[in-house]
Amino acid sequence: MRLPAEGSAPGAAAATSQDVAVALDGVTRRFGETAALDDVSLSVRRGELMTLLGPSGCGKTTLLNLVAGFLAPDRGEIAIDGERVTDRPAYRREIGIMFQSYALFPHMSVAANVGYGLRMRRRPKAEIARRVEEALALVKLAGLEDRRPRQLSGGQQQRVALARALVIRPKVLLLDEPFSALDRNLRGAMQVELKQIQQQLGVSTIFVTHDQSEALSLSDRIAVMAAGRIRQLGTPDEIYRRPSDRFVASFVGDVNVLPARLEWIDGATAVVALGETRVEVPARPLAGTTIGAPVDLFVRPEELRVAEEGEAAVHGTVAAQIYQGGHVDLHVDVQEAASGRVLLRVSGHEAMARWPAGTRIGIALVADRAIAFSRA
Amino acid sequence: MNQRPFLRIFVTPAALCAVGFVAALLAVMQYSLRAYVPGSLEAGGFTLANFTALMKPLYGRVFLDTVWICFLTAFFTLIVGYPLAYALVHARNAALKSVILVITVTPLFLGEVVRTYSWIVVLGNNGFVNAMLLKAGLIDAPVQLMFTHFGVVTALVHVTLPVMVIMLAAALTHIDRDYVRAAASLGAGPIRAFLTVTLPLSTPGIIAGVTTAFAWTFSAFATPQLIGGGQVNMIANLVYQLGFASFNFPFAASLSVAGLALTFAILALLRAAARPLERLGPH
Amino acid sequence: MPRLLAVLGGITVIAILGFIMLPAVVVTLAAFNGRAILSFPPETWSWRWFAKALAYEDFGSGFRNGLIVTAWASTIALVVGAAFALALERYEFRFKRTLEIVLLSPLVVPHFTVGLGFLILAAQLGVARGYAVVVACHVVLVLPFVLRSVYVSLRNLDPRLELAAASLGAPPHRVLTTVTLPLLLPGLVSGWLFAAILSFNEFTASLFVTAQRTQTLPVALYNYVREYADPSMAAVSVLYIVLTAVLLTFATVFLGLGKVLNVEAPR
């Protein structure tokens, strides 16, 4: 059963076709017996950066290849800028794509690589030279026109790949896990640069990644995918704070799962009992659950704190402290927890001294920001 | 710990083979400098007479003819072999790939005599081609295909094709598919993507294939002997005639030496001509 | 447009494959011809040429000689080549490059030169023109292919496997026999097969170094063709073709011939 995709603003479903850069409608694609994509519909708005997030095998790369035109759907339609492109081969769609492997033509210089798409469009030489120069300046690689790809570092190659995709002013930019080969520092810097360039140019972008922190930091909207379907579509904040199902809640960010019992539902709010504590949660995910039935409470680590005896919802023994610089991760053995462990984040360096391994502590919820899902 | 525990054991046998091979080559070179004693298999004293005898235009013509045939063969083998290599690498179906590979490679393993004989049956005056043309009414009398350059080159192309296809396919298979996809995403249709990306990137394979084809064809014997029938002579045929018909081994040796020198010269030339092209390749 | 290209491409490939198979098909037709004179299509069909070919004494002895020479040459070449390939890949030593170039050079040296060389060498050393000379010549000619085949296999072998074996207490020679050689087996077998087929079919050099009694099959066939025009030769060719195709199909399917020839990217 497919969950309805959540929109971020009222009237999202009523977006006019002029605002929609890429539209997929009922797209299915099979490989042998398996459906890599199963009846997927999605709209990417003009100028937005939409991320397809999910574990490997969820269909995100297949979706990207379908939009690019490298694959044809078995069923459904694809439109770019309002025009139906389902039957159109890749070289006639106005797309720019950045591959995971960069795929820079090794037998051409940087300038020839970047200018390739313009040459295919038969632009005059002077115009090509000018636009190549602009594109290289945009990615901060001015002056490297005559180098060969093998003479560049990984980060530089990536910028060339980006310049090559952008210089043709594509209707949609497609990025296939572009930063996975970079080390962490470089990745962070490149993410910021990409976001800036994307916003500056206003190019509609589809970004594929399995790294949820990358998705959260870059996207205007995220489509969380699993097994060929979209599980939830929304802004990063919606995905993080109001996941629509257990999968999304567990996949995006760390989360603790604690068993609880549904006490009562009143309109948009429900109350669940966690031991002696009562917790307010949104009622929507629990629609149809009987009163008294067991449910699972999903709580983010930052929404827990170490509590005094009377306030604690659960108790446990500290199993490990992991120093993270800005905060300390406390891994606590809690019997009731679904995985047997609870993770909470505590700021301040005194945490290391106050709660060493072996200490028995109580844990309470900071505020009513938890979500509960029924067990079924 | 001994860094090279088996070095002697591994290398000595190979070294012996190398020595044997070099000794054989030296034997040829040494013989080329000896005098021919007619009626005897022994060679006389040292002399340069064999090499001066080479200067006759007759031998020059055979050398030129050989080079020309090698060039034609290499060229046509490339033209015919490239599409086949491309199909071999890009076929989606594994069974189809195997079929193409087995069909292409089988002639390589049949041996020169069987292959060449088969071409005699195809090209002869009573052969397949003539029989078909006569039946179809396209000709009145059999067309002479045997004993011609055309016949020899055709058979040589057939012989060299497997090697060319293997070398081209090896180069093509190592070209990352993403390059063609990138070209397509930038607006290149299938033909332009091939011409601007795939073809340049396959240059090292083309060079390797052409060079190998040339070297192989240069030493061809059975094909020009049986199909050329004395009218089309390549160096190998001449060496054989001199050696086994006249027993003039010293002269045959000098021909071999000259042929060897020519081979290396041409290969060096090909390498030099190919160097600017190598820059097109992927590295 | 892509559809048109695909069709044209398919037709081209089929035409080329047809060209490759043409002689084989034609020769098969000729082999079954009931009469001695070639005609297409044959007027009568018969197995007689096969019977004649199989009974012909020179073909029989040629076949036997060929087997002897090939068995010795390919096995020696395999041992020498595999050992050297290991040394080449693993060790640094003096004259390494030189030795490699010398051993690979039979690929570009004409076979008639090599044959002539061994002939002259044998004469000068006073060695009789027996099997030894022929085998030595074949080993030299076939070695480059064995080297290449084993080398490709070696490249695909993860060196960490041998390190793991050593860390578990295996001395170098046990590592070799229990890890390296077993993993190289496909490359060794295809190298041997490659060498055997090439040696069995080798003609030009053999023409120079064999004598009447050591004559290999290709030489016997050549002598036959020069004298007689009947389709016995065609019958032998058909047998050859069938046998080779079967061996190669076997090699492709079970030994991954495509990878050995380097036309398939290793999985």
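**Figure 1. Chain A of this predicted model is divided into two domains.** Domain 1 of chain A is made of residues 12–94 together with residues 170–249, while domain 2 of chain A covers residues 254–374. Taken over C-alpha atoms, the centres of domain 1 of chain A and domain 2 of chain A are separated by 33 Å. Where the two domains meet, 6 residues of domain 1 of chain A are in contact with 6 residues of domain 2 of chain A. On the side of domain 1 of chain A that touches domain 2 of chain A, the residues divide into 2 nonpolar and 4 charged, with no polar residue.

**Figure 2. Chain A as a whole contains 9 helices and 20 strands.** The C-alpha trace of chain A spans about 75 × 45 × 40 Å along its principal axes, and buried residues make up 40% of the 376 residues in the chain. When contacts in chain A between residues at least 6 apart in sequence are considered, 67% of these join residues at least 24 apart. The average pLDDT of chain A is 87, and 95% of the residues score at least 70. Over residues 1–14 of chain A, however, pLDDT stays under 50, and for this stretch the model has 19 contacts beyond four places in sequence. Where pLDDT is low, the predicted coordinates should not be read in detail.

**Figure 3. Six strands of chain A form an open sheet with mixed pairing.** The order of the 6 strands in this sheet of chain A is 6-7-8-3-9-10. Strand 6 (95–98) and strand 10 (229–234) of chain A stand at the edges, and because each has a single partner strand, one side of each is left without a neighbour in the sheet. From one strand to the next, the twist averages 20 degrees. Helix 4 (residues 154–166) of chain A lies across strand 6 and strand 7 of chain A, and runs at about 170 degrees to strand 6 of chain A.

**Figure 4. Another open sheet of chain A has 4 strands with antiparallel pairing.** The strands of this sheet of chain A follow the order 2-1-4-5, and the edge strands, strand 2 (34–45) and strand 5 (83–84) of chain A, each pair on one side only. Strand 4 (residues 75–80) of chain A and strand 5 of chain A run antiparallel and are joined by 2 bridges. The bridge partner of Ala79(A) in strand 5 of chain A is Arg84(A).

**Figure 5. The side chains of strand 18 (residues 341–347) of chain A alternate between two faces.** Strand 17 (residues 327–333) of chain A runs antiparallel to strand 18 of chain A, and 7 bridges join the two. Among the residues of strand 18 of chain A, Leu343(A) is the bridge partner of His331(A).

**Figure 6. Chain B and chain C are in contact through 79 residues of chain B and 75 residues of chain C.** On the side of chain B that touches chain C, helix 1 (residues 7–32) of chain B gives the most, with 18 residues. By class, that side of chain B has 59 nonpolar, 17 polar and 3 charged residues.

**Figure 7. Asn50(B) lies in helix 2 (residues 49–54) of chain B.** Asn50(B) counts as buried because 22 other C-beta atoms lie within 10 Å, where the cut-off for a buried residue is 20 or more. Leaving aside residues up to four places away in sequence, Asn50(B) touches Ser32(B), Pro250(B), Phe251(B) and Ser254(B). Asn50(B) and Leu186(B), which are 136 residues apart in sequence, are 63 Å apart in space from C-alpha to C-alpha.

**Figure 8. Thr217(B) lies in helix 10 (residues 203–218) of chain B.** Thr217(B) is buried, with 25 other C-beta atoms within 10 Å. Residues up to four places away in sequence not being counted, Thr217(B) touches Ile69(B), Cys70(B), Thr73(B), Ala74(B), Leu156(B) and Thr160(B). Although Thr217(B) and Ile69(B) are 148 residues apart in sequence, their C-alpha atoms are 8.1 Å apart in space.

Technical notes
Residues numbered from 1 in each chain as written. Chains lettered and ligands numbered in written order. Predicted model: local features only at pLDDT ≥ 70, side-chain atom pairs only at ≥ 80, totals over all residues. Domains from an automatic or database assignment. Contact = placed C-beta atoms within 7 Å. Nonpolar A, V, L, I, M, F, W, Y, C, P; charged D, E, K, R; others polar. Buried ≥ 20, exposed ≤ 12 C-beta atoms within 10 Å, placed from the backbone. Pairing = 2+ DSSP bridges. pLDDT = per-residue confidence, 0-100. Axes fitted to C-alpha atoms, helices over the stretch in contact; angles between N-to-C directions.
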